[in-house]
Amino acid sequence: KSMFNNKKMNIAITGLSRSGKTVFLTSLADNFVNNQDWMKSLGYATANIADGQSFNHNQYIKKIKKCEWPKGTSKLAELKIELFDKNNKKIQTLNFMDYPGEWILDFKLLKLKFEAWSMDCYNLYGSLDQMSEFYTKLETVQSYSKSDMIQLSNLFKKGLKELKENAHFYNLTPGRFIMPDGEEDEEKMIFFPFKLDGSVKQLNKLQKNKIYKECESNYNFYKKNYIKINKFKNFDKQIVMLDLFEMLYNGEDAYDNIQQAIKHMFEQYEYQQQAAWAKVYSYFHKTINNTAIVATKLDLISSKYQDNYKMLLDELVEGTIKKKTTIPRSHRFVMSSLVTTTKKGDNILVANLENGEKNKEFIIPLPASVVDCKWGKGAIPLNTVTQPFHKEYSKLEPLRTDKMLDVLQYIIKDKIDER
């Protein structure tokens, strides 16, 4: 008998770019369609990927088999899996929705007026090197012209991209400045935050400025037309993907910034509460009743330190949601990647170094708490690695199902209990 009882289940796949969402969904689709042993363990005969899907798993599988990383999510992607019994009767549909994490962070802008967003930006980025060119130019402009507006907007976008690529910051807005989908109105995407001191006198003066008003107008247009919060109102379950390895590798500032970004992402979803009134509300309004939080890349960690990896995930999650009490049911998992970057054995990472040394082997030491991280040298001492993914040791692992099955079974646990 199938462990799924509802005809349709909407599952949100949440995570920042490079957290493994695309690879996870690719592996999920591949196992549903091609792994008969897995299907039998779930109680189904066959599965089918519904037509017209925006998530092209076949294309991603081909890339992975050629040892190429698939391109990450750049717009809303949907993977709909139809499940059938031995009589070819459809008895369940799983609808996975993947949305760029950078766009999710834009939701906080809905609560911020232009001047509040401007002050928020300066508090976050004003002292950072990647934004120094933008804020220096902003200080020197005396009377704003259209050319100044375009130049400042481009400098601000450049700073955001450098913060993401070089400083590994993710708590950045607007998200489409970093990850556009090509369908934006370019004229309306020209705006930037002003440096405000919070005084009424300064604000009144700026509100008479044509460029300030145009930036404010474009900012409001962006909020109205590109932030689609309705896409997040009808989920039953949630899988949160975290690249804990990268968070630790890139140092304390990046770790803190990404933790803050994850907190903002959690705040955008509606979670089912345990109180009686909340359960009545959930009967009429869909709310998430199970959340699985998954840290990938366990295959990069030596077996000696894998327990520490799970402890670091627990520490991160507790620190992120300790004030977010509306996530009543969550469970944490650590799992290997779909694509392995290690040799067989004790998870020895093989990587190329900046000094030209090839196929250098590492066993990564990992503390049990971020308190013990030597942030000055990087939590993970691999700052000379250029690319820990190359053809000799990389391969597709279509039967990596143990943890993936655990994740699926957990997020539908209430349905299993009803059998």
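The following exercises, each with a worked solution, concern the predicted model shown above.

Residues are numbered from 1 along each chain as its sequence is written, and side-chain values use heavy atoms, with hydrogens and water left out. Because the model is predicted, local features need pLDDT of at least 70 and side-chain atom pairs count only at pLDDT 80 or more, whereas totals for chains, interfaces and linings use all residues.

**Exercise 1. Overall description**

State how many helices and strands the protein has, and what percentage of its residues count as buried.

Solution. 
Step 1. The protein has 16 helices and 13 strands; helices (H or I, at least four residues) and strands (E, at least two) are DSSP runs, numbered from the N terminus.
Step 2. Of its 419 residues, 55% count as buried. Buried means under 20% relative accessible area, exposed over 50%, and partly exposed in between (1.4 Å probe, protein chains only).
Step 3. The protein exposes about 19,900 Å², with 48% supplied by carbon and sulfur atoms; accessible areas come from the Shrake-Rupley method with a 1.4 Å probe, and for residues only the protein chains shown count as cover.
Step 4. Among contacts with a separation of 6 or more, 76% are between residues 24 or more positions apart. Contact means heavy atoms within 4.5 Å.

**Exercise 2. Buried faces of helices α3 and α6**

Identify the buried residues of helix α3 and of helix α6, and describe how they are arranged around each axis.

Solution. 
Step 1. An α-helix has 3.6 residues a turn, so residues three or four places apart point the same way.
Step 2. In α3 (residues 57-65), the buried residues are H57, Y60, I61 and I64. Viewed down the axis of α3, these residues fall within an arc of 100°, so they line one face of the helix. The arc is that of the directions from the helix axis to the C-beta atoms.
Step 3. In α6 (residues 132-140), F134, Y135 and L138 are the buried residues. Their arc around the axis is only 90°, which puts them on the same side of α6.
Step 4. The elements that cover the buried residues of α6 include α5 (114-125) and α7.

**Exercise 3. The largest cavity**

Determine the volume of the largest cavity and which elements supply its lining.

Solution. 
Step 1. Rolling a probe the size of a water molecule over the atoms shows where empty space is left. On a 1 Å grid over the protein atoms alone, a cavity is a set of points where a 1.4 Å probe fits but cannot get out, and lining residues have an atom within 4 Å of a point. Grid points are joined across faces, edges and corners, and a volume is the space filled by probe spheres set on the points.
Step 2. The count comes to four cavities of 30 Å³ or more, and the largest cavity has a volume of about 100 Å³.
Step 3. The largest cavity is lined by 14 residues, of which L16, S19, D243, M247 and I258 lie nearest its centre.
Step 4. β5 (237-242), α11 (244-249) and α12 (252-266) each supply at least two lining residues; α12 gives the most, with three.
Step 5. The lining comprises eight nonpolar, three polar and three charged residues. Here Ala, Val, Leu, Ile, Met, Phe, Trp, Tyr, Cys and Pro count as nonpolar, Asp, Glu, Lys and Arg as charged, and the others, Gly among them, as polar.

**Exercise 4. Accessibility of N88, S143 and E162**

Classify N88, S143 and E162 by relative accessibility.

Solution. 
Step 1. N88, in the loop between β3 (77-84) and β4 (90-98), counts as exposed at 56% relative accessibility. Phi of N88 is near 65°, a positive value in a residue other than glycine.
Step 2. S143, in the loop between α6 and α7, is exposed, with a relative accessible area of 57%.
Step 3. E162 lies in helix α7 and counts as partly exposed at 26% relative accessibility. Leaving aside neighbours within four places in sequence, E162 is in contact with Q130 and A167.

Terms used: 1 Å grid on protein atoms, 1.4 Å probe; cavity = no way out; pocket = protein on both sides within 12 Å on 5 of 7 lines; lining within 4 Å.
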